[in-house]
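Hello,

Here is the structure I said I would pass on.

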Amino acid sequence: MKFIYYPGCTLKNKAKNFDIDARNCAKILGFELIEVDDFQCCGGVFTTSADEIATKLSAVRALKAAKKAGLPLVTVCSACHNVIKQTDHAMKNDPVFADRVNGYINDGDDYHGETKVYHYLEVLRDITGFDKVKEKVKYPLDMNVGAYYGCLMLRPGAVMETDDPENPQIMEQLIKTLGGRPVDYGMKNECCGGYVTVTDPGFAQKRSKAVYESAKKAGAEIIVTACPLCRYNLTKNGADIPVLYFTQLMAKALIGEKNER
Amino acid sequence: MQIEEKKPLIAAFCCNWCSYAGADLAGNNRLNYPDNVKIIRVPCSCRVDPTFILRAFQRGADGVLICGCHPGDCHYTTGNYYTRRRMTLLFSMLEYLGIEKERTRVEWVSAAEGAKFAQTVNEFTAAVSALGENRRLEDLRCKE
Amino acid sequence: MQRINRSELIKAAAKLIESGEADRVLGWKKGEFDYDVTPYVFNSIDEIEKDFVWGDFCGANFSKYLIKETAKSDKKVAVFLKPCDTYSFNQLLIEHRFEREKVCVIGVSCSGMADIRKIKDTAGEGIAKIEEQDGYLNVFTLYDGIVKIDSKDALAERCLCCTKRCVVYDELLGDGENKADNDRFAKVEELEELTEEQRYAFWKSELSKCIRCNACRDVCPACTCEKCVFDDPRSVLENKAAANEFEEKLYHIIRAFHVAGRCTDCGECSRVCPQNIPLHLLNRKFIKDINAFYGQYQAGEKAGQRAPLVDYTTEDREP
Amino acid sequence: MKDKNELIKEQILYQSGVNVRKCMRCGKCSGTCPGYDEMEYHPHQFVYLVETGDIEPLLKSESLYKCLSCFACVDRCPRGVEPAKIIEAVRLTVIRQQGKNKLTPDDIPAVIDDDIPQQALVSAYRKFTR
Amino acid sequence: MQRIGVFICHCGSNIAATVDTSAVVNALSAEPGVVCAVDYPYMCSASGQDMIKEAIKEKELTGIVICSCSPRMHEATFRKAAAAAGLNPYMVEIANIREQCSWVHKDKQTATEKAIVLGRAAIAKVSLNTPLQPGEIPVTKRALVIGGGIAGIQTALDIADAGFEVDIVEKKPTIGGKMAQLDKTFPTLDCAACILTPKMVEASQNEKIRIYSYSKVEEVSGFVGNFTVKIRKKARFVDENKCTGCGLCTEKCPVKNVPNEFNLGMDSRHAVYIPFAQAVPKVAVIDADYCRMLKDGKCGLCSKICGAGAIKYDQEDEIIENKYGAIVAATGCEPIDLDKFDEFAYSKSKDVITSLQFERLMNAAGPTGGVLLRPSDNKHPKTIVFVQCVGSRCEAHAKKGKEYCSKICCMYTAKHAMLTREKYPDTDVYVFYIDVRTPGKNFDEFYRRVAEEYGVHYIKGMVGKICAENGTLKVQASDLLADKQLHIDADLVVLAAAIEPDRSTRPLATMLTASMDTNDFFTEAHPKLRPVESPTAGIFLSGCCQGPKDIPETVAQAGAAASKVIGLLCKDRLTANPCVAHCDEMSCNGCSTCENVCPYHAVTYIEKEFRMPDRTTKIRRVAQVNPAVCQGCGACTVACPSKAMDLYGFSGKQIYAEVDAICR
């Protein structure tokens, strides 16, 4: 199985591990990630305003690249996933928006939501299958892991359709598959403070603290996430347990500590 | 003998349960309306066949009014929903053929709406009178 | 020029007869003139090989014939249906007019049919013979010799905007799809743009040509009533000939209304009208309105679908 | 003639695509909002004040920059009102005015550290500047 | 040729003051077919009627026209008079020259002209009338009630009380329904069991009532007065006639860990069980999903210890076919699934419960013996948060919850709050509400007492998020009036879940050909005037299957449904309205168009053999109208392309004649 892969800028820079482990694990699990040529930054957030076109063009270009290749598009970063999925939804369901975007790009190949968009986790669950992942586990994890979803991967639920936004299980399933013990805690789908960390660090700190305290109280020894900003906020704001990307956790179980870069 | 100008003639089909009762209520409340309108009682507005309307025009009616229960209140639960579709399409077709659309009208009149019935008849009669005689859809043989 | 050639059709029909699947075939037979093709029930392969024709004049839609034909015997009848014919076929199935099990449908891809009127407009009267060759029609006329007409220029109006596909078949010859991109409602819209007086004048001049030959009704695959209201003394609408203007209008309005929501827009009514009345413009008005008011609907597209006039939503528009 | 307030309201409703009249005043958005205590005006008030057309105080409020766009209010609203989209539309009304950017390049060096992901800066820029 | 008599009423001066009645007499007597035309001050009076009767006999009239008030006033009167004189009552037509003429016009000349036109139309119509005989339908004098909750029990008791036999079909092993699970009832706080169980017993002991418990309706055919119903009596593996309900088997059964549905899974029961102590019938039932004997053939303990020899492992489902004159749907409601409301941690914490679970926790026969202990650790909760409108009043596109108000939640939540504070005054009780809706006798007074005297914190606002953390439920909510976000550490959270029709309702409605709304509640024949009847004749509605209701309303509606049933069953025969559709088979295409538009499913199709003019025969599909079911709306007549469908009393020909008369 082949996918067009949209890593996003942060994964090329501050979150290289996230990207490298995603690629390594894909190799082991037997699917191929073909990076989008010259991808542009997704913009980090989806602007909900009806008259915002320009900020969504890079997502449309990525979607069109996948459409052209005739392959599904996959992302690992929750933020990229959110922007691309929401843009795709708008292209599919909002004809006015789609007309304006297509009119702007105007390359003779209009896009109307033809590309299937997956999050890496969805590929594991819906295409590879967790049972297949399980077969490849060499070093089963023996720890309590708190899955941290944040908001971008889940909401708006009607568009993202990744999982039940109020009680997601996809990362828990992965943790179990890898031999770990998922820890359920109330704040797993609440916001870490997000981009407000730039303008109001104190506020972001409160939100992050609430999240990792909740995970710790529930017995988590480690937190996994799919978002570089979540990881940054939690780590910077005093999480005293490790915060890893879920791909890193997978790499631990599939490849082992030693091979960790 | 003086030749009178022909008064416009209007045939009204009223469903037994709402609109006919609404017309009765207009009477009970002594609300005046023009005598041009003659009411034909049908069990439900959905009994009104398009040919009844064409027949009326053929025979010299200048306007045709169809009254039924408000959608959702039909005595037979769904009858007026069919009426609504049938008449929408029929009237659109008549307009397409060049028949003035002011000559046809559907109005939902409940048994409590005597005033609405009277007002509808007033307005409709005025609209039809303004058009004058129906010449586009009549059968000359019926004029003797 | 048809995409599928005659021999393929014959092969398909012969196979059904040989295997005993069907014992007769409803197809097109040569008529008096090349352009005058008539429906015929072929009872043997020999007969088919001899008289069966397939070409640009095979416009006739056989769906309606199946009502009587299926009732004749318990054996299956094979029938050729072009994409547009299959919609009529389905519509009749929806209305329980015959049993699907008694018919073998051979779906035939169609490249559009020629309109003899268009040919006559170019070549004039006195057509002795028409041959098809490489996308052209060679028209042999008594007065002007051979006139060469591009097949495309002779295409019937209904074919110029055909986007139909074979929606039902047991066997399909070719892809069974058409993708013309003309707007079939263009003429309707043009009329709608006119003033009331102009519309009235248009229809008055068109409908006054009507001679009440009933050809439109007799060919119409939606007009399959056991007893037509215009023939039924009980109906009060009965009359044999239009006595005046009103009756022409009444007849055509009522006929269009009776088939509204069931008309598949096959265009047979206009094809057979000896007076060239554009009757399909009445049907298309209803189709256009139905699409605009109640959502896109194509009669006969799906088995079991509910016609718009026997359906409703609580939110329908007001008349 | 429509007054300025009405025009702003119309603009906000168009941009957000939200029908504020669907709100039944349950306050679930504000019950669920993680930024509540940082805000002067709360999600339900954004919806309500846009509905009444009393938008001026919102335009002046710092609350505009406290919304995390976490969409919890959007997902949990029983009436499908989507308060976060209203807040975003109000914010855009402000920052699209000349010189009203919340974040300027000069602000960046102060907040930047070695680990901050590009994503944070890009997102904040997109939310807080024209 | 018809011989028509025309009778013109003055109605005192009501008509005569505006209409020149003698001019009308003159004009109408000249109409073809009219053999007599007379006027009289009061046609509806006894002497006026006598005049009509005499004229019918004397002049051998075949049809009469009365020019008078609206047919809605006196059509029935004049039809009776005609019948008394030997004329078919459907040979009467009324010209409405009062309400629609003399009362709305002022000018005598024009009013007179119009009266003449209306008279002519009536004459034209009556000339084409045909004598109609109202059909008669025999009535099976037995009713079926589907659902054995309080609605079904009350309906059955009332029907039986009137002397008719009635059967109850209940899908559970016992009747009682949701009410049996309740603790106390608002606003009087009667114990639910104390008022319900006597009714259950009464139903079981009433010789007119037969209870089919653990059964369901499998098939329904027929029409009003004549339904045939197949009932599947599921195997309970216990002989109902032998079992004494001693309960020995239910104690000895080795399978003990079956979630107890009666207590909503908060405790367990055995594989053989009696749902609750006052169950009716008090007969054990074996749960085939858990019983070791039925699953693996190993055990048989219950059979060994049953003194009555009632255990029957080889019992099979039984199909019973009965005939009924009327059917009452009383299938009730249930709380919605809260799977999609995990912002309230419903599936994460055992201490987030529904209100129905709370009823069981407060109930002396519940899993905790009536002591309020929370499910996770059996500790007494000190802080309880009630959340109202969970899944009610949601927008349709939000895709979770229902659009309607569930109606009962405000009151039961007030009750729960009160009972909690009364029994455990040391408990803090918070109620989060959007609106408190308490229309009902003594309802608002009750709610005010809860708020004012019981120290319950009523907070206007909604809970946004609940996190379960180390045994504490962290409740985050808004207090709209204080403009604050609240953070409450609760021990127990009670969600007032919306109620929805029982899941069995939709397939049942299909069987009954009764219509439903988009929420799967049954639709009533008229929302104001016929609230307990379905539009389908002979089907009646009782309780929450028609819409959310509390107990008093349910009981009231149950009684109303019963009285409608009694009214039907009292009759030996039903007189059908003869103005119904009929099909001319020769013209019928069999196209099903009429079937599609008929709201009553009165049209069916048969394959019929026809003799053709050429002496061959032909089998054709043709429509048949069931005159007992048809209500005569006429939708089919217009839909029919060949006009094979026509309507007695309002035939196409009659209406054309009226049109012609009016437009003459």
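This is a predicted model: local features need pLDDT of at least 70, side-chain atom pairs count only at pLDDT 80 or more; totals for chains, interfaces and linings use all residues.

The C-alpha atoms of chain B fill a box of roughly 45 × 35 × 20 Å along the principal axes. A compact globule of 144 residues would have a radius of gyration near 15 Å, and chain B agrees because its own value is 15 Å. Buried residues account for 70% of the 144 residues in this chain. Of the contacts in chain B between residues at least 6 apart in sequence, 82% join residues at least 24 apart.

Chain A is assigned domain 1 (2-120) and domain 2 (137-254). The centres of these two domains of chain A, taken over C-alpha atoms, are 23 Å apart. Their contact involves 21 residues from domain 1 and 17 residues from domain 2. On the domain 1 side, α1 (16-29) and α3 (78-93) of chain A each supply at least two residues. The residues on that side of domain 1 comprise 9 nonpolar, 9 polar and 3 charged.

Last, the core. The largest nonpolar core has 494 residues, and those with the most contacts inside it are E:Ile64, E:Ala329 and E:Val493. Helix α5 (residues 108-128) of chain E gives the most to this core, with 10 residues. Leaving aside neighbours within four places in sequence, E:Val493 is in contact with residues including E:Phe344, E:Asp351, E:Val385, E:Ile466 and E:Leu473.

Regards

Technical notes. Residues are numbered from 1 along each chain as its sequence is written. Chains are lettered from A and ligands numbered from 1 in the order in which they are written. A nonpolar core is a set of buried Ala, Val, Leu, Ile, Met, Phe, Trp, Tyr and Cys residues joined through C-beta atoms within 7 Å. A residue is buried if 20 or more other C-beta atoms lie within 10 Å of its own, exposed if 12 or fewer, and partly exposed in between; C-beta atoms are placed from the backbone. Helices (H or I, at least four residues) and strands (E, at least two) are DSSP runs, numbered from the N terminus. Two residues are in contact if their C-beta atoms, placed from the backbone, lie within 7 Å. The radius of gyration is taken over C-alpha atoms; the globule rule is 2.2 Å times the number of residues to the power 0.38. Domain bounds come from an automatic or database domain assignment. Ala, Val, Leu, Ile, Met, Phe, Trp, Tyr, Cys and Pro count as nonpolar, Asp, Glu, Lys and Arg as charged, and the others, Gly among them, as polar.
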